[in-house]
Amino acid sequence: MIRLTALFLVIPAFAASLAAQQKQEITDRYFFDPDIVFNTPTLSIDEDRFASYEEIIDWITVHLSGHPDVIVEYIGTTPDGYDIPIIYLRKQGVSPDLKVWMQGLLHGNEPGGTEGLFFLATQILSDEHMNEWLEHISLAILPIANIDGYLNMQRRSSGGLDLNRDQTKFADPVSRIIRQAFTDWAPDIAFDFHEYQPTRNAYAGLGENGASIAYDLLFLPSGHLNIPEEIRKGNVEVFQKEAERLLDKHGYSHAFYFSADTSGDELILNKGARSPQSSSSSFALSNAFSMLIETRGIGIGRTSLARRTHSAYLAAYAGLQSAVKQKEYLFELLDAARSSTLDLSQDIIVTSQPSEKYYLLRFIDLETSEIIVEQIKTRDALDMTPMITRSKPFGYIIEDCTQREKEILQLLGLEIQPLKRGRYEVESFAVTAFEEAENTWEGIHVLEVETDVFRQRKRFGKGAYYISLSQKNANYAMTLLEPESNNGFISFRVSPASPDSVLKIHRLVEMK
């Protein structure tokens, strides 16, 4: 058990190490660059800076545009006025079986994955073996998802929102642009490339004077239980394991992604994704294999950028290679997952609880530059226990459905339709507990409710809409519309709720 009682005593001395992030000795011993020349937008610049927007667009024009296997489009414009490019790699006259989506820079200060994706694109076009993959897959690459944030080297968008916490409320216009492109592409596989900050205050109590995470790359699959088991299985057993094998071959270290909770008197880590508001869970709820990948990069500038680029590239390479080599098996999993989504006999998991386990993890002692191994309690979201479950209805009715509710559901690829006026047998939600966060988060007083479900025959008039669960993306509806759901419509105030009220969201339990 790692107690935090001494943590605040070491933070002042730790601050200098945190500011430095990665001293030269650590770079030389553990994170030296590979002997590879990368002609990517930033790594082709012999200056200590990152490529400008204009340089990136010029690079795309020179290296990708005009190739017969490439289509470059612009899917929208950011609030600061920059057009958002997307790169499609597909062979003319070929109808590939699998569609793949890869994106980078959703957080603007995490550029390593983007360089890896640009390198991947050039390799597919120049390497004969990799180019043959386009007989089996078509690939969409969104290289700089958060352009405004990137140009200011900040995590958030120009509107101050975290785009990877905006996948259920879509408050930022860039989130809406990206999601529409994703929904239109309807991928079977989706990878999101990020970078993590290796040195944090949370690890100030480790080592002699604080510690830094010791891995090149971290994997973040989702354990959200409304994602069909077949998708969760493929994410880990196919895509993560194949990427780990390739990283091992090239000498790169890896582990599961974890964040730290220091709110109590003990350091506790969180493993695995479980919220629909971020890409790892959100993409997988569409019945696509999904993985969020983090390279070691925030706060260290261009240090080890070639290594970060190469490790991200290897993870992307492994993903595409796995898609081609295990295509038939992946289709079996996808078919089973999509059948499971349509199966009304399966329960909805409204809330769930991660298990608690201890994991051994490697850190670097910032004082001695030696590897230290710590056993730390971890909440494991890849091993969840359902807490609230409900049977699946035929669908949901939203009375007085607002334009925002309709837009979000349609962005998520759901078909919604006006409800024919009349009486319907429904289950409704009566609010029995109502707790509003004292402080705002991204302008929202996040809400937690408890409800009693009761059955009634209710008349619905004009303005009511119906969302059937007999559709591919139904996992979104049942995840976001159940009122206790974490980061759903009630939680994020997309749909209204008040104490002791009956919500305007209803479960249709009998068909006319």
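**Notebook: pockets, cavities, a helix and a sheet**

H8 gives the most to the lining of the second largest pocket, namely three residues. I am working on a predicted model, where local features need pLDDT of at least 70, side-chain atom pairs count only at pLDDT 80 or more, and totals for chains, interfaces and linings use all residues. Residues are numbered from 1 along each chain as its sequence is written, and side-chain values use heavy atoms, with hydrogens and water left out.

**Entry 1: the pocket.** I noted what counts: on a 1 Å grid over the protein atoms alone, a pocket is an open set of points with protein on both sides within 12 Å along at least five of seven lines, a cavity is a set where a 1.4 Å probe fits but cannot get out, and lining residues have an atom within 4 Å of a point. The second largest pocket is lined by 15 residues, and Leu225, Ile227, Pro228, Ser340 and Gln346 lie nearest its centre. Two or more lining residues come from each of helix H8 (229-249), helix H11 (327-342), strand E12 (347-365) and helix H13 (474-481). I sorted the lining into five nonpolar, five polar and five charged residues. Here Ala, Val, Leu, Ile, Met, Phe, Trp, Tyr, Cys and Pro are nonpolar, Asp, Glu, Lys and Arg charged, and the others, Gly among them, polar.

**Entry 2: the largest cavity.** I found ten names to look up in its lining: Gln103, Leu106, Leu163, Asn164, Gln167, Ser175, Ile178, Arg179, Ser279 and Phe283. Helix H7 (173-185) and helix H9 (279-285) each supply at least two of the lining residues, and H7 gives the most, with three. The lining divides into four nonpolar, five polar and one charged.

**Entry 3: helix H4.** Helices (H or I, at least four residues) and strands (E, at least two) are DSSP runs, numbered from the N terminus. I checked that 13 of the 15 residues of H4 are buried, so H4 is largely enclosed by the rest of the structure. Buried means under 20% relative accessible area (1.4 Å probe, protein chains only).

**Entry 4: the sheet.** I traced five strands in an open sheet of mixed pairing, in the order E6-E12-E13-E10-E9. Strand E6 (211-213) and strand E9 (258-261) are the edges, each pairing on one side only. Two strands pair if DSSP finds at least two bridges between them. E9 and strand E10 (residues 268-271) pair in the antiparallel sense over four bridges, and the partner of Ala260 in E10 is Leu269.

How values were computed. Buried < 20%, exposed > 50% of the residue type's maximum accessible area, 1.4 Å probe, protein only.
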